Amino acid sequence: MATLTVPAGVPPVAEDCEQLRKAFTGWGTNEKLIIDILAHRDAAQRRAIRAAYAETYGEELLRALNDEIHGKFERAVIQWTLDPAERDAVLANEEAKKWHAGGRALVEIACTRTPAQLWAAKQAYHDRFKRSLEEDVAAHVTGEFRKLLVPLVSAYRYDGPEVNTSLAHSEAKILQDKIHDKAYGDEEIIRILTTRSKAQLLATFNSYNDQFSHPINKDLKEDPKDEYLATLRAIIRCFTCPDRYFEKIIRLAIGSIGTDENSLTRIITTRAEVDLKLIKEAYQKRNSVPLEKAVSKDTTRDYEDMLLALLGAEY
């Protein structure tokens, strides 16, 4: 499901560090060499490179990258080079501090990571920012969004396959009653969405469809311009069909006037080691165009090459 390509014979870490150092010295930066190394190493290998680089040269690799490359290419390389938990912490902090109703990073981190991965991201947040993620979300997000997002990022869900079918049936009815009454911010809706395991939620959403003859998200489209309802739908889609959820985020990022590079970079860097192949398939099915071709059309130069490498394409 991942698109990351790692060569069969990966050089020793010391050699990767030496080559990266060469990329940073001399006349100009060798961006291609940076991509050839970092875009083709998995998380453990990148972690080892960072540690060895710091030990060998007395300088953090991320700081060296920050000094040598810039703009959207820099953002893509830095995000990719970060450890996944660290990356999630940085993305969560950015969104919490610059909160706007259409933000999706917090929802993605809370709903598409495993409970252990979310816990690791929150620990990385503690270590990096000396505060808790919940604390910053509560401080910067307001109103009904705060009521929803604080418990969402606070959750440590059960991760097993067990399902209580009678509970799924009764909670589907609770959800329908609250939605029918337009009580979208009701504590029962929030309780169910922020505490139940993924398996239990999927059973509840299936029961909703069986009982009321349509998906729950159809009832959450009362006002397509309502960002709170859009956030509820995003939470549900992250559980029910993450590949199609991410496909839509990418499609909107490159399909509108002006590319949303932050969203495009976020999805590609966070999913390349997870399920980006499924997202590519969903994009091809939905748009009849390979995702690599669409990304290439909407991006340029080193930024384009970095994203294409993570997509598993030749560049």
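What share of the contacts in the chain with a separation of 6 or more comes from residues 24 or more positions apart? The share is 70%, with contact meaning heavy atoms within 4.5 Å.

This is a predicted model, in which local features need pLDDT of at least 70, side-chain atom pairs count only at pLDDT 80 or more, and totals for chains, interfaces and linings use all residues. Residues are numbered from 1 along each chain as its sequence is written, and side-chain values use heavy atoms, without hydrogens and water.

Start with the fold. The chain has 20 helices and zero strands. Both are DSSP runs numbered from the N terminus: helices are H or I of at least four residues, strands E of at least two. The C-alpha trace spans about 65 × 45 × 35 Å along its principal axes.

Now the interior. Of the 315 residues, 51% are buried, that is, under 20% relative accessible area with a 1.4 Å probe, protein chains only. The largest nonpolar core holds 96 residues. Such a core is a set of buried Ala, Val, Leu, Ile, Met, Phe, Trp, Tyr and Cys residues joined through side-chain atoms within 4.5 Å. Helix α15 (residues 227-240) gives this core its largest share, eight residues.

Leu 20, Phe 24, Ile 34, Leu 65, Val 137, Leu 264 and Met 306 have the most contacts inside the core. Take Leu 65. Leaving out residues up to four places away in sequence, Leu 65 touches Phe 24, Ile 34, Leu 38, Val 77, Ile 78 and Thr 81.

Definitions and conventions: Buried means under 20% relative accessible area, exposed over 50%, partly exposed in between (1.4 Å probe, protein chains only).
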